Amino acid sequence: MSHASLKSLILDAARLRLILLSLAMGLAGAAIMPVMSTHLAVNLHIEPMWIGVLFAANTLSGVLVSHWLAKQSDAGLSRIGIIRVCVSISFVASIGLGLAEQYWLLLITGMLMFGAVSPVQPQLFALAREQVGDADATLFQSLLRATFSLSWIIGPPLAYLLFARIGFLGLTLICALIFLLTRLNVASIQDAPLPAVRTEPQPTDSRLKWMILAIAATFASNNMYIVYMPIYSYDSLQLAAVVPGFLMGAAAGLEIPIMIGAGIFAGRWRLFSPLKLAAGCGLLFYLGVYWSDSLVPLVLLQIFNGAFIGVMAGLGISVFQALMQGRMGMASTLYSNAIKVGSLVGALLGGAVAQWLSIQAVFGVCALMALVALLALVKASAGNRS
């Protein structure tokens, strides 16, 4: 990939709008999700187990809605139309989430918001794949995923500062404004032309099931870390309230060059080799977090976190699309839903472990999930197309 080709991807007006869409949606999610667990635990005094149930319900709604919309979009339903409706619903739901104080209201508004936000990213990836030639597709999707990571550099630190000053309601109102501005940006984006003949090949590659397991295990560990690290940092390590946002921002900052680099050099590696290396980094990261009792090692370990999520997220979508040629919408959604199923498992498992063992034990389970991801990738790399 030449420097000129990279520049053309960024400066093209249509593709720039897609990048801005990815940034805005990522920024809203990165602001609400990390702070939400702290809000539930500190302000509303909800027990860890029920926090896990709420996050699991949010994730389940996202999986179901995304999967259904993927089938509709691959059958011809407008991808941009889907995104427009989802962003509009997210605008309303984010306001409701900030106003809700009863658990059942939090459950309903959370499921509504996450159910609306979840289809946006897979539809965006599918749209990007259809608008960009095959030669540039992996790099452009890595750029989109890197843009999403950029939102996690800005979002969590800023969100925790705003949370301390204006509260959770004020934070959700700012996110609602982001959704509103995003809706205005989406109005100028057009669908890619549909192929003259739309086939529906079935996903027959036997390696696909191992990729699903690897991505699910990766994001089960990532979800547990995002939800319970802020509580662990605040209650157990007695660190400043802004530390979780700083750590998440640092990891996201490291993810960006790793994602872009992985996209540029993807064609030079075997399909699963960089993913296996990333899973090994994840295992080292969570073991390190488990044994850390101060800020310095937590900061230093973020390089392994950045490598783990950067490569798995940056190249994972391209691997799914390579294994499901001809079904870009379903491939992108299957990848996205593997993330969500992993997050669902992580929410329930993390809540149970935190409730009945300890918050620190959650990170031991995270390490176990990273090991599962590594073993699944080893199995996938040894598999054959059926």
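The model is predicted, with local features needing pLDDT of at least 70 and side-chain atom pairs pLDDT 80 or more, while totals for chains, interfaces and linings use all residues. Residues are numbered from 1 along each chain as its sequence is written, and side-chain values use heavy atoms, without hydrogens or water.

I searched the whole structure for aromatic pairs and found eight (ring centres of Phe, Tyr or Trp, the last by its six-membered ring, within 6.5 Å; planes under 30 degrees apart are stacked, over 60 edge-to-face, the rest tilted). Tyr225 and Phe285 pair edge-to-face, at 5.2 Å between centres and 75° between planes. Tyr225 lies in helix 8 and Phe285 in helix 10 (residues 273-291), so this pair ties together parts 60 residues apart in sequence (helices are DSSP runs of H or I, at least four residues, numbered from the N terminus). Tyr225 counts as buried at 2% relative accessibility, and Phe285 at 0%.

Tyr232 and Phe363 are also edge-to-face, at 5.1 Å and 65°. Tyr232 is in helix 8 and Phe363 in helix 14 (residues 359-381), so the parts tied together are 131 residues apart in sequence. I noted that ring pairs link Tyr225, Tyr232, Phe285, Tyr286, Phe308 and Phe363 into a cluster.

Next I looked up Met211. Leaving aside neighbours within four places in sequence, Met211 is in contact (heavy atoms within 4.5 Å) with residues including Phe272, Leu275 and Leu377.

Conventions: Helices (H or I, at least four residues) and strands (E, at least two) are DSSP runs, numbered from the N terminus. Buried means under 20% relative accessible area, exposed over 50%, partly exposed in between (1.4 Å probe, protein chains only).
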